[in-house]
Amino acid sequence: MCRVLVEEEEQEVKLLRKDEEAPFRITPLYGVLPPSTESSFVVTCTPQQAGRYENVARLWVDNIPTLLPSGLVMERKDSVRVSITHLAQPHQVKVEPPAIIIPGQSLVSTTLSKSFKVINESLSSTTVTFSFSSDSEITMTTRPNRLTVGAGTSRTVEVDIECGTTGTKESYLICHFENIEKPTKMLIKGTFRGPRVTIDADQEDPALDFGFIHYRPGCTIQRQFGIFNEDGIPAKWSLEEMEHCINKEYGQSEFTSTISTGKFIFTGS
């Protein structure tokens, strides 16, 4: 027989009013009290929300002989009343840092590992699970994806971050805490770039100089240049002459390349 008490209605609540959702349970509920012995009862409180709780436990004893004018009768009496109170506080859990901002520029399609802490300042342990924004270009995984943080302790979580497109991107790592209705969102933000590709990396201003050419039918002059991938990720490339350089009289270019497209597999290939 109990009822959850909140501050604004505390004075209006009548004790001994039965509340099936009350957090108190007594074990055992019934039994036999042997003579001249002490019996123990266990009271368990399992609150489902923060607030103040009060209860009165009543011990009913059956078959108590009572002498009435009509004679001796066996009655049931309310022998003992015990007041039970409990104050349930909300969980106090936070993540540090509250956001992960990746400095500088990071390569696309490479995995970055960052860490953060889940700090539990509550009086009891809590379970944490993680989820991610579904509409983001950033993909993330956490290690572990579910964990329990003890009261007054912290746990370190590793998060792997990867993005397949260039530009400044942001997403949210969503932390769901047990018995806390609103999850905590951690901002993940970074700028991602593609591979750096250069032409003749040893030259500040690369150029092909064919020099003075004596024209004659079938004359062909060849020059070579190198394309270098300075990063360790694959890079596709293609060559195309700028439109204003094409000979407008003939409607075609005077230059051809033996290879016009390709893909770098390894750094410096």
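1. S40 is exposed, its relative accessible area being 60%, where exposed stands for over 50%, buried for under 20% and partly exposed for the range in between, computed with a 1.4 Å probe on protein chains only. This residue sits in the loop that runs between β2 (24-27) and β3 (42-45), the strands being DSSP runs of E with at least two residues, numbered from the N terminus. Between the C-alpha atoms of S40 and T27, which are 13 residues apart along the chain, the separation is 8.9 Å.

2. On the basis of these values, the model is a predicted one, in which local features need pLDDT of at least 70 and side-chain atom pairs count only at pLDDT 80 or more, whereas totals for chains, interfaces and linings use all residues. Residues are numbered from 1 along each chain as its sequence is written, and side-chain values use heavy atoms, with hydrogens and water left out.

3. How many salt bridges does the structure hold? There are five salt bridges, each defined as a side-chain nitrogen of Lys or Arg within 4 Å of a carboxyl oxygen of Asp or Glu. One of them joins the side chains of R52 and E54, with an N to O distance of 2.7 Å. R52 is partly exposed at a relative accessible area of 34%, while E54, at 14% relative accessibility, counts as buried.

4. Another salt bridge is formed by the side chains of K94 and E121, at 3.4 Å from N to O. Because K94 belongs to strand β6 (residues 93-96) and E121 to the loop between β8 (112-120) and β9 (126-132), this pair ties together parts that are 27 residues apart in sequence. K94 itself counts as partly exposed, with 34% relative accessibility.

5. The side chains of K169 and E137 also meet in a salt bridge, here with 2.9 Å from N to O. Distant parts of the chain are linked by this pair, since K169 is in strand β13 (residues 167-177) and E137 is in the loop between β9 and β10 (138-143), 32 residues apart. K169 counts as buried at 14% relative accessibility, whereas E137 is partly exposed, with a relative accessible area of 42%.

6. As for the cysteines, the count comes to zero disulfides, a disulfide being taken as a pair of cysteine sulfur atoms within 2.5 Å. C45 is partly exposed, with a relative accessible area of 27%, and C163 is buried, with a relative accessible area of 1%.

Conventions. Helix = DSSP H or I, 4+ residues; strand = E, 2+ residues; numbered from the N terminus.
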